[in-house]
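Biologist: I would like to walk through this chain with you. Can we take it one point at a time?

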Amino acid sequence: MLGSLTGLSGLFVSAFVSSTVAPGGSEVVLAYLANQGLYPIGQLLVVATIGNTLGAMTTWGLGALAAKKFPAATLLPTNKQKALAIVKKTGVWMLLFSWLPVIGDALCFAGGWLRLAFWPACLLIMLGKLGRYAAIAWAFN
């Protein structure tokens, strides 16, 4: 039982940390656990997705806090204002791509900074992350 808890809690922590501004490798942990066959794939997907989504929403929250002190209009140079306009136009839907390496965390931060709606942001982040983890679990199971 302890080994089971350690594997799942390790996956959760790895997924959470991987989705904040800190680097991490939850995909490797998930692939390893899926390959071992010690846990049902559904259980691994739930644990990894919840951990990664909570980490992403923490990053979203950091963006929302930063927006209070550093409004985008005063912080960004003129050439970046165009990019900001595109993100504003795309809106919360851009968060479906929060699973992407490198830019995913920035998308979550930007979502909070732009004050995109919390619950739709959470749902779209979760769906994107679940899709990525499902593909990894399928490939290594």
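Biologist: How many helices and strands does the chain have?

Modeller: Keep in mind that this is a predicted model. From the N terminus on, the elements run α-α-α-α-α-α-α. The count is seven helices and zero strands.

Biologist: What share of the residues counts as buried?

Modeller: Buried here means under 20% relative accessible area. The chain has 141 residues. The buried share is 40%.

Biologist: Which residues of helix H2 are buried?

Modeller: Helix H2 covers residues 26-36. Gly 37 follows H2, with a positive phi near 70°. In an α-helix there are 3.6 residues a turn, so residues three or four places apart point the same way. The buried residues of H2 are Ser 26, Leu 30, Ala 31, Leu 33 and Ala 34.

Biologist: How are H2 and H7 oriented to each other?

Modeller: H7 spans residues 118-140, and its axis is 8 Å from that of H2. The two pack at an angle of about 40°. Angles under 35 degrees would count as roughly parallel. H2 and H7 are therefore oblique.

Biologist: Which residues of H7 make the contact with H2?

Modeller: From H2 come Ser 26, Glu 27, Leu 30, Ala 31, Ala 34 and Asn 35. By class, the contact has seven nonpolar, two polar and two charged residues. On the H7 side are Arg 132, Tyr 133, Ile 136, Ala 137 and Phe 140.

Biologist: What is the handedness of the crossing of H3 and H6?

Modeller: H3 is residues 41-69 and H6 is residues 103-113. Their axes lie 6 Å apart, at an angle of about 45°. The pair is therefore oblique. H3 passes H6 in a crossing that is right-handed.

Biologist: How many nonpolar residues does the contact of H3 with H6 have?

Modeller: H3 brings residues including Ala 56, Trp 60 and Leu 62. H6 brings Cys 108, Phe 109 and Trp 113, among others. The contact also has four polar residues and one charged. The nonpolar count is nine.

Biologist: Is Leu 65 buried or exposed?

Modeller: Leu 65 is found in helix H3. Its C-alpha atom is separated by 9.7 Å from that of Arg 115, 50 residues apart along the chain. The relative accessible area of Leu 65 is 54%, and exposed means over 50%. So Leu 65 is exposed.

Definitions and conventions:
Residues are numbered from 1 along each chain as its sequence is written. This is a predicted model: local features need pLDDT of at least 70, side-chain atom pairs count only at pLDDT 80 or more; totals for chains, interfaces and linings use all residues. Side-chain values use heavy atoms; hydrogens and water are left out. Axes are lines fitted to C-alpha atoms, for helices over the stretch in contact, and angles run from 0 to 180 degrees between N-to-C directions. Helices (H or I, at least four residues) and strands (E, at least two) are DSSP runs, numbered from the N terminus. Angles under 35 degrees count as roughly parallel, over 145 as roughly antiparallel, 65 to 115 as roughly perpendicular and the rest as oblique. A crossing is left-handed if the near helix is turned anticlockwise from the far one by less than a right angle, and right-handed if clockwise. Contact means heavy atoms within 4.5 Å. Ala, Val, Leu, Ile, Met, Phe, Trp, Tyr, Cys and Pro count as nonpolar, Asp, Glu, Lys and Arg as charged, and the others, Gly among them, as polar. Buried means under 20% relative accessible area, exposed over 50%, partly exposed in between (1.4 Å probe, protein chains only).
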